[in-house]
Amino acid sequence: MSTTRRRILIADDDRDALAILVAEVRAIDPDAEVRTASTGYRALVACNEWRPDLAVLDYQMPGMNGHQLAKLIKIDASFTALPLVLTSSSPTKRGQIEAE
């Protein structure tokens with residue numbers, strides 16, 4: 001019996017946050033194939049080359065933030081159904097307001 005492993009991309013510039021997110025995903029789905037990116041640019045390249053089933057994006061990455069990255073990903077018609085999750089460890093509401 002063949003099972004397809006879910007591909008999950010996690011992008012965050014904070015190593016500790018990245019490690020926590022990877023651990024949480026693996027706790028929920030130990031069979032998931034998880035890849036990480038430390039910048040928005042690397043996440044965009046990974047999306048195009050690896051074709052994840054889910055992308056978890058840090059909102060406040062330097063350079064290209066998660067919101068900008070999400071917009072670029074969704075420009076590609078093949079990603080219209082790709083679920084994106086924006087995360088932030090920031091206590092401010094600025095990112096929440098901009099994402100809405």
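Tutor: Residues are counted from 1 along each chain as its sequence is written, and side-chain values rest on heavy atoms, with hydrogens and water left out. As this is a predicted model, local features need pLDDT of at least 70 and side-chain atom pairs count only at pLDDT 80 or more, whereas totals for chains, interfaces and linings use all residues.

Student: What does Leu9 touch, not counting residues up to four places away in sequence?

Tutor: With contact taken as heavy atoms within 4.5 Å, Leu9 touches Arg35, Thr36, Ala37, Ala43, Ala46, Cys47, Trp50, Pro52, Leu54, Ala55 and Val56. Over the protein chain, residues 24 or more positions apart account for 66% of the contacts with a separation of 6 or more.

Student: Why is Glu33 called partly exposed?

Tutor: Buried means under 20% relative accessible area and exposed means over 50%, with partly exposed in between (1.4 Å probe, protein chains only). Glu33, at a relative accessible area of 23%, is therefore partly exposed. Glu33 belongs to strand 2, and its C-alpha atom is separated by 6.0 Å from that of Arg6, 27 residues apart along the chain.

Student: Why does Gln68 receive the label partly exposed?

Tutor: The relative accessible area of Gln68 is 38%, so Gln68 counts as partly exposed. Gln68 sits in helix 3. Of the 100 residues of the protein chain, 35% count as buried.

Student: What makes strand 1 and strand 2 a pair?

Tutor: Helices (H or I, at least four residues) and strands (E, at least two) are DSSP runs, numbered from the N terminus, and two strands pair if DSSP finds at least two bridges between them. Strand 1 (residues 7-11) and strand 2 run parallel and are joined by five bridges, with Ile10 opposite Thr36 in strand 2. Strand 3 (residues 54-58) and strand 4 (residues 84-87), also parallel, are joined by four bridges, and Ala55 stands opposite Leu84 in strand 4.

Student: What makes strand 2 and strand 4 edge strands?

Tutor: The open sheet of four strands has the order 2-1-3-4, with parallel pairing, and strand 2 (33-37) and strand 4 each pair on one side only.

Student: Why is a crossover called right-handed?

Tutor: A crossover is called right-handed because, with the strands pointing away from the viewer, the path from the first strand over the helix to the second runs clockwise. From strand 3 the chain passes through helix 3 (residues 66-75) to strand 4, and this β-α-β crossover is right-handed.

Student: At what angle to strand 1 does helix 2 run?

Tutor: Helix 2 (residues 40-50), which lies across strand 1 and strand 2, runs at about 170° to strand 1. Axes are lines fitted to C-alpha atoms, for helices over the stretch in contact, and angles run from 0 to 180 degrees between N-to-C directions.
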